[in-house]
Amino acid sequence: PPTGTTTGTAGVVIERLPAGGLGPQAETDATGTTHIVYFSGPPRGGNVFYVRRTPEGAYSSPAAVNSQPNSALVVGSVRGPQFALDATGHLHVVWNGAPGSAARPESGMPVFYTRQIEGTDRFEPQRNLVTRVSGTDGGSTVAADANGRVYVAWHADAERPGEAHRRVYIARSSDRGSRFD
């Protein structure tokens, strides 16, 4: 549909993302500003971007989320970037890494994390949260609570490879994403 086309449901507007963005996640905060994180580029090595949409419909300029270019993977419907807004309105973003984009390629597919730098639309350098398992697959997810805790979850092989042996792994931060267990 053309940009700005209203659907049959009251208040729903379909709009195209900047630069051919795919797989968006959006959340509207208490001020009416909508925060949007999306993927752009080749599915096996693209980039993650962030934009804000004001209540009046104006978009901010896209801001790069991943600090390592072409390090995001969006193959399939569950591997797009995900984010959580914390109690202070800052974003915490996770995404599955493209092949060869981690410092430890033996860990398999990385799960990258970054957080928004306070008072800006910029993000800290990305970090791979996968430290001791391999066989990471599927999408990762992130949540942030009102007490400064951030949780990132993904699934991967355990001691033995194969679907029957997969486990859910959680990295937890008690300091708004500065450090993870």
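Exposed, in this talk, means over 50% relative accessible area, buried means under 20%, and partly exposed is in between, with a 1.4 Å probe and protein chains only. Take Asp 181: at 61% relative accessibility, Asp 181 counts as exposed.

Some ground rules. This is a predicted model, where local features need pLDDT of at least 70, side-chain atom pairs count only at pLDDT 80 or more, and totals for chains, interfaces and linings use all residues. Residues are numbered from 1 along each chain as its sequence is written, and side-chain values use heavy atoms, with hydrogens and water left out.

Now the salt bridges. By salt bridge I mean a side-chain nitrogen of Lys or Arg within 4 Å of a carboxyl oxygen of Asp or Glu. How many salt bridges does this rule give? The count is nine.

Back to Asp 181. Its side chain meets that of Arg 172 in a salt bridge, at 2.9 Å, N to O. Arg 172 counts as partly exposed, because its relative accessibility is 40%.

Next, Asp 121 and Arg 52. Their side chains form a salt bridge at 2.5 Å, N to O. This pair links distant parts of the chain, 69 residues apart. Asp 121 is in the loop between β9 (111-115) and β10 (127-128), and Arg 52 is in strand β5 (residues 47-53). Strands here are DSSP runs of E, at least two residues, and helices are runs of H or I, at least four, numbered from the N terminus. Asp 121 is partly exposed at 23%. Arg 52 is partly exposed at 28%.

Glu 118 is exposed, at 53% relative accessibility. Arg 176 is partly exposed, at 24%.

On to His 92. His 92 sits in strand β8 (residues 91-96). Buried or exposed? His 92 counts as buried, because its relative accessibility is 1%. Its side chain makes a polar contact with the side chain of Asp 86, at 3.0 Å. A polar contact is a pair of N or O atoms within 3.5 Å; within protein, one must be able to donate a hydrogen and the other to accept it, and residues adjacent in sequence count only if both atoms are side-chain atoms. Not counting residues up to four places away in sequence, His 92 touches residues including Phe 83, Tyr 113 and Arg 176. Contact means heavy atoms within 4.5 Å.

Last, the inside. A nonpolar core is a set of buried Ala, Val, Leu, Ile, Met, Phe, Trp, Tyr and Cys residues joined through side-chain atoms within 4.5 Å. The largest one has 16 residues. Those with the most contacts inside it are Tyr 113, Leu 129, Val 152, Trp 154 and Phe 180. Which elements give two or more residues to this core? They are β9, β12 (150-157) and β13. β12 gives the most, with four residues. Apart from this core lies another, of 14 residues, among them Tyr 50, Phe 83, Leu 85 and Trp 95.
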